[in-house]
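User: Hi! I'm new to this one, could you walk me through it?
Analyst: Happy to, here it is.
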Amino acid sequence: MRILFASLTALLLAACGSLPVQALLGDQLSFSQSQLQASLDRSFPKRYERLGGLVEVRLTNPRLRLPGGGRLAMDVDVDVAGLGRINESDGTLTLTSGVRFDPATRGLHLEEPAIEHLDMPALGGVLGGNARGYLNRWLADYARDEPIHRFDASLIERLGARRIAATRIEAGRVVLDLGTSR
């Protein structure tokens, strides 16, 4: 019985190796909120110095939500230190964004991110127009350069010549439609 089971297992594995990638992956890939949150947790905290090191901004504790409607939502704690201030928890940044796949980084990036709310009580409350505009420009640069989730080598290998045709956010998941390479 053991030999029969081992033989059937080996036969199935050999058959899987000859199947096209589409049979192994289907027409879609999807990532759950928890998978993306785990990637974010590994890439945070973020630290940025401004004004030649006089001011330091730290972004910590990202909290991702995938409510659907084509955009994700993320809250991030913001700490500011410098100019005589000690490092303290200053507030929370809330952003929304679409998601896109970038073949150069092999990752999912924020697409058209926007700051929806920035609460900084230690700096006098909610920041307005100029600060919000500066942070939105910074966020666009971040979205262009750094993925929120990077595909591992085994997934890239399984994709083979397939390409990501479309990316969307559905309730609780980021879904990527697979197409064939041209």
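Analyst: One definition to start with: a residue is buried under 20% relative accessible area, exposed over 50%, and partly exposed in between. Also, this is a predicted model.
User: Thanks! Where is Arg-63 found?
Analyst: Arg-63 is part of strand β3, which covers residues 55-65.
User: And how does Arg-63 count: buried, partly exposed or exposed?
Analyst: Arg-63 has 27% relative accessibility, so this residue counts as partly exposed.
User: Which residues does Arg-63 touch?
Analyst: Leaving out residues up to four places away in sequence, Arg-63 touches Gln-37, Ala-73, Met-74, Asp-75, Val-76, Asp-77 and Thr-92. With Asp-77 there is a polar contact between the two side chains, at 3.2 Å.
User: What separates the C-alpha atoms of Arg-63 and Gln-37?
Analyst: They are 7.1 Å from each other, while the two residues sit 26 residues apart along the chain.
User: New topic: in what order do the strands of the open sheet come?
Analyst: The order is β1-β10-β9, three strands with antiparallel pairing. The edge strands, each pairing on one side only, are β1 (28-32) and β9 (162-170). On average, neighbouring strands here are turned by 20 degrees against each other, direction ignored.
User: How many bridges join β1 to β10?
Analyst: Five bridges join β1 to β10 (residues 173-180). As an example, Leu-29 has Leu-176 in β10 as its bridge partner.
User: Which helix lies across β1 and β10?
Analyst: That's helix α3, residues 33-43, running at about 65 degrees to β1.

Definitions and conventions: Residues are numbered from 1 along each chain as its sequence is written. This is a predicted model: local features need pLDDT of at least 70, side-chain atom pairs count only at pLDDT 80 or more; totals for chains, interfaces and linings use all residues. Side-chain values use heavy atoms; hydrogens and water are left out. Helices (H or I, at least four residues) and strands (E, at least two) are DSSP runs, numbered from the N terminus. Buried means under 20% relative accessible area, exposed over 50%, partly exposed in between (1.4 Å probe, protein chains only). Contact means heavy atoms within 4.5 Å. A polar contact is a pair of N or O atoms within 3.5 Å; within protein, one must be able to donate a hydrogen and the other to accept it, and residues adjacent in sequence count only if both atoms are side-chain atoms. Two strands pair if DSSP finds at least two bridges between them. Axes are lines fitted to C-alpha atoms, for helices over the stretch in contact, and angles run from 0 to 180 degrees between N-to-C directions.
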